[in-house]
Amino acid sequence: MDSQSVKADATVTLTSRGYDAGKKINGRKRHLLTDTLGLLLDVLVTPASTTDRDAARIVLPAAKKHFRRLARVWADGGYTGHLTDWTDQHLGVVLDIVRRSDDTRGFQVLPRRWVVERSFAWLLRSRRLVRDYERRPDTSESVVLWSMTMLMSRRLAARRRQSPAPARAA
């Protein structure tokens, strides 16, 4: 699980946007929950001022309801605190916080965290998702779902073309 702050276009209403002080972005924040392959399980779009912990309290119960086998979630340092205890007590889900070591400089691949980051990169291939243009947050969520659907259907169609033709009987 991770979040991404994106700038909002002028069409986005002031009530549905916020300011992410950490990234200095005025817009919205997309919170993604993916499986271990990077396929989208759930998405939530909030004002950028919403903390990751607050959004997780909305996303995780909904995901647990739809995916009963959900047992472990990897997240970054923004999800630390009482949320780890809350997910264990209320949802029966282990929330593992994957931290970057303090003495490391520059880029470092973190275990399990790169999966959701790659999913963000896949979504940003859709030009419409580079910036948030939608007036309503639920429409923005639908655009994210639509983009992931297009991505996966193209991959399935390409795999189908690559598979060998079935043998014919003589």
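Student: Is Asp2 buried or exposed?

Tutor: This is a predicted model, so every value here is computed from it. A residue counts as buried when its relative accessible area is under 20%. Asp2 has 3%, and is therefore buried.

Student: Where is Asp2 placed, and what does Asp2 touch?

Tutor: Asp2 belongs to strand β1, residues 2-7. Leaving out residues up to four places away in sequence, Asp2 touches Arg30, His31, Leu32, Asp76, Tyr79, Arg113, Val116, Glu117 and Phe120.

Student: How many residues are in the largest nonpolar core, and which touch the most other members?

Tutor: A core of this kind is read as a set of buried nonpolar residues joined through side-chain atoms. The largest one here has 17 residues, and Met1, Leu33, Leu60, Val73 and Tyr79 touch the most other members. At least two residues of this core come from each of α1, β5 (72-75) and α2 (82-91). The biggest contribution is that of α1, with five residues. Another core lies apart from it and has twelve residues, including Val143, Val144, Met148 and Leu151.

Student: Next, the charged side chains. How many salt bridges are there?

Tutor: A pair counts when a side-chain nitrogen of Lys or Arg is within 4 Å of a carboxyl oxygen of Asp or Glu. The count comes to six salt bridges. One of them joins Arg28 and Asp132, at 3.1 Å from N to O. This pair links distant parts of the chain, 104 residues apart: Arg28 is in strand β3 (residues 25-34), while Asp132 is in the loop between α3 (113-123) and α4 (137-162).

Student: Why are both Arg28 and Asp132 called buried?

Tutor: Because the limit for buried is under 20%, and Arg28 has a relative accessible area of 0%, while Asp132 has 2%.

Student: Which residue does Lys29 meet in a salt bridge?

Tutor: Lys29 meets Asp52, at 3.6 Å from N to O. Here too the pair links distant parts of the chain, 23 residues apart, with Lys29 in strand β3 and Asp52 in helix α1 (residues 52-66). Lys29 and Asp52 are both buried.

Student: What about Asp138?

Tutor: The side chain of Asp138 forms a salt bridge with that of Arg136, at 2.5 Å from N to O. Asp138 has a relative accessible area of 35%, so it is partly exposed.

Student: How many bridges join β3 to β4?

Tutor: In a regular strand the side chains alternate between the two faces of the sheet. Seven bridges join β3 to strand β4 (residues 40-47), and the two run antiparallel. Leu33 stands opposite Asp42 in β4. The hairpin of β3 and β4 has five residues between the strands, and Gly38 there takes a positive phi near 95°.

Student: Which element has the lowest mean pLDDT, and which the highest?

Tutor: The lowest mean among the elements of the protein chain is that of α4, at 88, and the highest is that of β4, at 96. For the protein chain the mean pLDDT is 89, and 94% of its residues reach 70 or more.

Note on methods. Residues numbered from 1 in each chain as written. Predicted model: local features only at pLDDT ≥ 70, side-chain atom pairs only at ≥ 80, totals over all residues. Heavy atoms only, no water. Helix = DSSP H or I, 4+ residues; strand = E, 2+ residues; numbered from the N terminus. Buried < 20%, exposed > 50% of the residue type's maximum accessible area, 1.4 Å probe, protein only. Core = buried A, V, L, I, M, F, W, Y, C linked by side-chain atoms within 4.5 Å. Pairing = 2+ DSSP bridges. Contact = heavy atoms within 4.5 Å. pLDDT = per-residue confidence, 0-100.
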